[in-house]
Amino acid sequence: MYHWDFQVVVQSWDLFLIGLWLTLLYTVGSIVLGVVIGLLVCFARLSDFAVVRIAARSYQEIFRCTPLLVQILWFYYALPLLIGVSIDNSVAAILTLSLYVGAFYAEIFRGGIASIERGQHEAAAALGMSGGQAMRRIILPQAAKRMLPAFINQSVIQFKNTSLISVISVGELAYMAAVVNGETYRPLEAYTVVAVLYFLLLFPLTQMADRLERHLRVSD
Amino acid sequence: MDESTLMNTPRSAAAAPAADDPILSVRGLRKSFGSIEVLRGIDLDLTRGEVLAIIGPSGSGKSTLIRCLNMMEVPDSGELRLRGRPVARGFRSRNGSIGVGELRRHVGMVFQHFNLFPHKTVLENVIEGPVVVLKRPRAEAEAVAMDLLARVGLDAKRDAYPNHLSGGQKQRVAIARALAMQPDVLLLDEVTSALDPELVGEVLTVVRALAEEGMTMAIVTHEIAFAADVADRAVFIDRGVIAADGTPDAVLHNPEGERLRAFLARFHA
Ligand SMILES: Nc1ncnc2c1ncn2[C@@H]1O[C@H](COP(=O)(O)OP(=O)(O)OP(=O)(O)O)[C@@H](O)[C@H]1O
Ligand SMILES: [Mg+2]
């Protein structure tokens, strides 16, 4: 019978706190940057210029069809060889995370916008609205509602994905668990604490998303 | 069948008295989708206060024509003029020519499937154009909107969302929304076709009232009796050309031409 000993973990509470802080920081940071990238790429996908559309699409497919872990390693170890400048692990981490989630967000945004019936575009246009006015006043508000569940889902995945930047020694939660484990040889306790922390943060979030989704469906 | 025999109503004979002062006019309008030429040279004038009924078989190009009148469909060639000023392709008006944005502020449209904004209440739907496009103060736009909603009998529904309305109510809101822009011309494309039969009457009543108030309208409709009743003029579109043009009495009750007679016969059966 395994003898649990959380004492060693409790002694390292400061490491877990720093880890938690960095996890939140990279999650929120990459989500904010990802939204900006996602919007730009989404509108690039809807552009009149084929070159712009193809460029946006290529970016999306590259980031969606390669593993995030490989992307992180590539940006940290390979990209510096190409450009001849070494990159800070924090820069490589936020860059990769944002570009990765941005590719998925762009697809969610594009899908949401495309799901709005042609009649809505026409009704807005028939009132004399410009393309921008129609987008802001008529299309995006409806699209936002439809894409919210997918957006939250992707963001929850992103939250968990930040654990991968531990491979380039960014001191977020998973990395700190490895540090504690290295010092105490208590992997079970260290990783269980990390898992519980993730769960405690994400479970309320998914519950809230469910409730929000149900609420939006009713108000339709 | 020889097509030239269909052009049996000379335009000059059918033209309304004030034809020298059209609000909206098209000349030589052509439009293709892919390899199909849907409109093959349309000349049409709409004068102030005129109610024009556009009839014709399915696929003859009625919707395409009416959608060209507010540039919802961009013609391949031909000229569109609003009060004598040529309409250009761009959104903005510039020296002399009218942009698509300005054109649509003067030419309203009501759709077969209403296309109300589902995320906005009835009142918000109606004030959207005046507030966003015409930059009217919200309070002023609301006052105008409430007047219009009262006229279509829906002032009590001001805070309802479109999904809670019947089809007939939706279409009446859509008409109020178009009228809120105070357009010079209203385009209606089969505005009762998507309605249950028992709801058609309430929408036609609104359109009839507009006609009596002197609203200039182009109405695509399969309601032949209604067209005969409210229109000042009727055109029969067939295979992309105007095959008959005249008073409702001439076109609808005393039709000339094989294809027009065959078309109308289906409604009298
Ligand atoms: N956006 C489009 N793309 C391709 N073809 C189109 C498009 N719009 C219309 N058409 C075609 O153009 C032809 C004329 O269509 P239109 O809608 O103008 O006819 P209509 O007279 O309004 O018919 P209906 O009485 O059925 O509404 C049809 O063959 C239709 O399939
Ligand atoms: Mg049609």
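Student: What makes the packing of helix H2 of chain A and helix H8 of chain A roughly antiparallel?

Tutor: In this predicted model, H2(A) (residues 13-45) and H8(A) (residues 173-184) pack at an angle of about 160°, and their axes are 7 Å apart. Angles over 145 degrees count as roughly antiparallel, and therefore H2(A) and H8(A) are given that description. The crossing of H2(A) past H8(A) is right-handed.

Student: Which residues make the contact between H2(A) and H8(A)?

Tutor: From H2(A), they are A:Leu15, A:Phe16, A:Ile18, A:Gly19, A:Leu20 and A:Thr23; from H8(A), they are A:Leu173, A:Met176, A:Ala177, A:Val179, A:Val180 and A:Glu183. Sorted by class, this contact has nine nonpolar, two polar and one charged residues.

Student: Why is A:Leu68 called buried?

Tutor: A:Leu68 lies in helix H4 (residues 68-83) of chain A. Buried means under 20% relative accessible area; A:Leu68 has 5% relative accessibility, so A:Leu68 counts as buried. Beyond its neighbours within four places in sequence, A:Leu68 is in contact with A:Thr96, A:Leu97, A:Tyr100, A:Asn161 and A:Leu164.

Student: How do you know whether A:Gln154 is buried or exposed?

Tutor: A:Gln154 belongs to helix H7 (residues 131-161) of chain A. The relative accessible area of A:Gln154 is 10%, and the limit for buried is under 20%, so A:Gln154 is buried. Neighbours within four places in sequence aside, A:Gln154 is in contact with A:Val101, A:Phe104, A:Tyr105 and A:Ile108.

Note on methods. Residues numbered from 1 in each chain as written. Chains lettered and ligands numbered in written order. Predicted model: local features only at pLDDT ≥ 70, side-chain atom pairs only at ≥ 80, totals over all residues. Heavy atoms only, no water. Helix = DSSP H or I, 4+ residues; strand = E, 2+ residues; numbered from the N terminus. Buried < 20%, exposed > 50% of the residue type's maximum accessible area, 1.4 Å probe, protein only. Contact = heavy atoms within 4.5 Å. Axes fitted to C-alpha atoms, helices over the stretch in contact; angles between N-to-C directions. Parallel < 35°, antiparallel > 145°, perpendicular 65-115°, else oblique. Left-handed = near helix turned anticlockwise from the far one by under 90°. Nonpolar A, V, L, I, M, F, W, Y, C, P; charged D, E, K, R; others polar.
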